[in-house]
Amino acid sequence: MTSSFLFFSRLHLISFCKHLLTSFAGTMRLQLCSQLLILFLVSVNAESQVTPGSKCRTGPLDLIFLIDSSRSVRPFEFETMRRFLVNIIRGLDIGPNATHVGVIQYSSQVQSVFPLGAFFRREDMERAIQAIVPLAQGTMTGLAIQYTMNVAFSVAEGARPPQARVPRVVVIVTDGRPQDRVAEVAAQARNRGIEIYAVGVQRADVGSLRAMASSPLDEHVFLVESFDLIQQFGFHFQGRLCGADPCIDGTHGCQHLCVSTPESFRCDCNPGYRLAPNNKSCSAIDHCAEGTHGCEHLCIKSNGSYTCGCRKGYTLHRDQRHCTLIDHCSFGNHSCQHECVNFPEGPRCRCRQGFELQSDGRHCKARDYCNGVDHGCEYQCVSSGSSYSCICPEGRQLQADGKSCDRCRAGHVDLVLVIDGSKSVRPQNFELVKRFVNQIVDFLDVSPEGTRVGLVQYSSRVRTEFPLGRYGTADEVKQAVLAIEYMEKGTMTGLALRHLVEHSFSEAQGARPRAQNVPRVGLVFTDGRSQDDISVWAARAKEEGIIMYAVGVGKAVEEELREIASDPPEQHVSYSPDFNTMTHMLENLKVNICPEEGKGVTELRSPCDCESLVEFQSSALAALGSLEQKHIL
């Protein structure tokens, strides 16, 4: 009967036991299944047990025991598990170049008893195992597999690196159903080359054991009735490790290299060679023909290897793959007036922007773009660098086409309002903020050609309520403001400033091109301290030429308001202790944002009204004319 029974796999035995449990009644069916299980394990033991005291000579192996110490494992059962670990370790060939052993216990958390690289003496391992204190909590098996895969099998923990191709094996011992998902993380571990044995005791869930274990399942899934029978798995596992090693006895037949594995062996090849379909012979890899060489220019084949070369005019880089153009210009004999440029056939001269290379191939002459092209400027064309630009007389503004001029209207700006929608503002106060924003809109000349208005709301995230180019009238803007919904949550002012700089003033969002010289104004409204850093993006906004205003209410922090605002802070920072008294700040904002309403010097002026700009243009034209005359002479 025993001989026939050996043909059953462990999984077949489980199915057969289930059949017995449904076919017989009461105590009799439990006794039948228990006797079959014990008979099977004893039979496996008879075939696979190694000689007591012998040591397995398996070659290098990284082996981790992942043991369940949840509250369902009773103290005397945990002591049996200790003996099980000690008995297996005593039969392993442990050493720096042999087997590395690690032990991890888990319940609702994961605890490393000792990692792979900690001990190479059995006495030290046994002492650490005897000192384990069970965690006695839940059964988070998936979490434990994740830790084993990402941490326990890392080089820092004592595992051999992947290129060493040392087999990685984990033995999971559990007595219950996992309280988390195991199938996906176990599949990830197997895909990384980790061989998993799943040992279930008593109440263990067979489906979970199958989901965790490597294939074939009948060699990697074990289910025993009690912790007393777990030693039978130890005999079987030790027997698998202690089988004959063809790599040692020379019967492998590999042409180049033989690599031992827990199950058998595999052949490998020396660098530059590939394993043949028979999985034993090796053939040289022709990297040049296969295009896997990585050479930038030329691949030169050699037996089992290759070298890289370069085309004429280039030299091989020290990485032996890339090619560098020979620096003929560094020889100092090119005679170029401006710049020398290297080419494979030799050096050539090149002129800086705004200049043309002369017929001698060496000297450069300033290029007059305004005379050389039909520029179409309504008033005046100015050559600059490698292009040209049009300018308008005092009192007139360059239009969107970049060529025509129109009469300027003072006070036209691109204005983006950034309002705090955090939960500290509260809904009733947020409605007051919206009313305050609409009072600002009332004194602006809103139109596509005049002032454009955009609005951004922020809390823990940032949301563009409407961009600069969406609405062309004040009524449209005010209706859009009233329709805004309160966001709540945190106060990420730094994130809002970043959004303002990177997105709100882009032409895609409706901002006018910088060439039109329309001032860009940002008005930030907040009622409390920012939960992230504002310094970087507050400075960046001002570097980008954005005129920044900061409006604070209630618990707003003065230092942050001053950091956000442009200089001088006295003209760019406004504060109100209460939402109901914000209206007193309107006049200050009106004076500064609308230059025509101000008295004396204002911070924002239309570029067309700036006499200094016209003076600069005149001086620049005179200087360019003088330089041109010098070059002609």
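Tutor: Let's start with burial: buried means under 20% relative accessible area, exposed means over 50%, and partly exposed is in between (1.4 Å probe, protein chains only). This is a predicted model, in which local features need pLDDT of at least 70 and side-chain atom pairs count only at pLDDT 80 or more, while totals for chains, interfaces and linings use all residues. Residues are numbered from 1 along each chain as its sequence is written, and side-chain values use heavy atoms, with hydrogens and water left out.

Student: Thanks! How many salt bridges does a search of the whole structure find?

Tutor: A pair counts as a salt bridge when a side-chain nitrogen of Lys or Arg is within 4 Å of a carboxyl oxygen of Asp or Glu. Searching the whole structure on that basis gives a total of 21.

Student: Which residue forms a salt bridge with aspartate 62?

Tutor: The N to O distance in this pair is 2.8 Å. The two partners are 98 residues apart, with aspartate 62 in strand β1 (residues 61–68) and the other in the loop between α6 (141–152) and β4 (168–174); helices (H or I, at least four residues) and strands (E, at least two) are DSSP runs, numbered from the N terminus.

Student: What is the relative accessible area of aspartate 286?

Tutor: Aspartate 286 pairs with lysine 301 in a salt bridge whose closest N and O atoms are 3.4 Å apart. The aspartate is in the loop between β10 (282–284) and α12 (287–290), and the lysine, 15 residues away, is in strand β11 (residues 298–302). Lysine 301 is exposed at 59%. Aspartate 286 is partly exposed, and its value is 23%.

Student: How are helices α4 and α5 oriented, parallel or antiparallel?

Tutor: Helix α4 (residues 75–90) and helix α5 (residues 122–130) pack with axes 10 Å apart, at an angle of about 170°. Axes are lines fitted to C-alpha atoms, for helices over the stretch in contact, and angles run from 0 to 180 degrees between N-to-C directions. Angles under 35 degrees count as roughly parallel, 65 to 115 as roughly perpendicular, over 145 as roughly antiparallel and the rest as oblique. The two helices are therefore roughly antiparallel.

Student: Which residues of α5 make the contact with α4?

Tutor: Contact here means heavy atoms within 4.5 Å. On the α4 side, the contact uses Arg82, Leu85, Val86, Ile89 and Arg90. From α5 come Arg122, Met125, Glu126, Ile129 and Gln130.

Student: Back to arginine 160: which histidine does its side chain join in a polar contact?

Tutor: A polar contact is a pair of N or O atoms within 3.5 Å; within protein, one must be able to donate a hydrogen and the other to accept it, and residues adjacent in sequence count only if both atoms are side-chain atoms. The histidine is in strand β2 (residues 99–106) and is buried at 5%. Beyond residues up to four places away in sequence, its contacts include Asp62 and Arg160. With a polar contact of 3.4 Å to arginine 160, it is histidine 100.

Student: How far is the backbone nitrogen of isoleucine 196 from a polar atom of the side chain of serine 214?

Tutor: Serine 214 is in the loop between α8 and α9 (217–220) and counts as buried at 7%. Leaving aside neighbours within four places in sequence, serine 214 contacts Arg190, Ile194, Glu195, Ile196 and His220. From the isoleucine 196 nitrogen to that polar atom, the distance is 2.8 Å.

Student: Finally, which aspartate makes a polar contact with the side chain of threonine 526?

Tutor: Threonine 526 lies in strand β26 (residues 520–526) and is buried at 4%. A polar atom of its side chain is 3.2 Å from the backbone oxygen of glycine 528. At 3.3 Å, its side chain also makes a polar contact with the side chain of aspartate 420.
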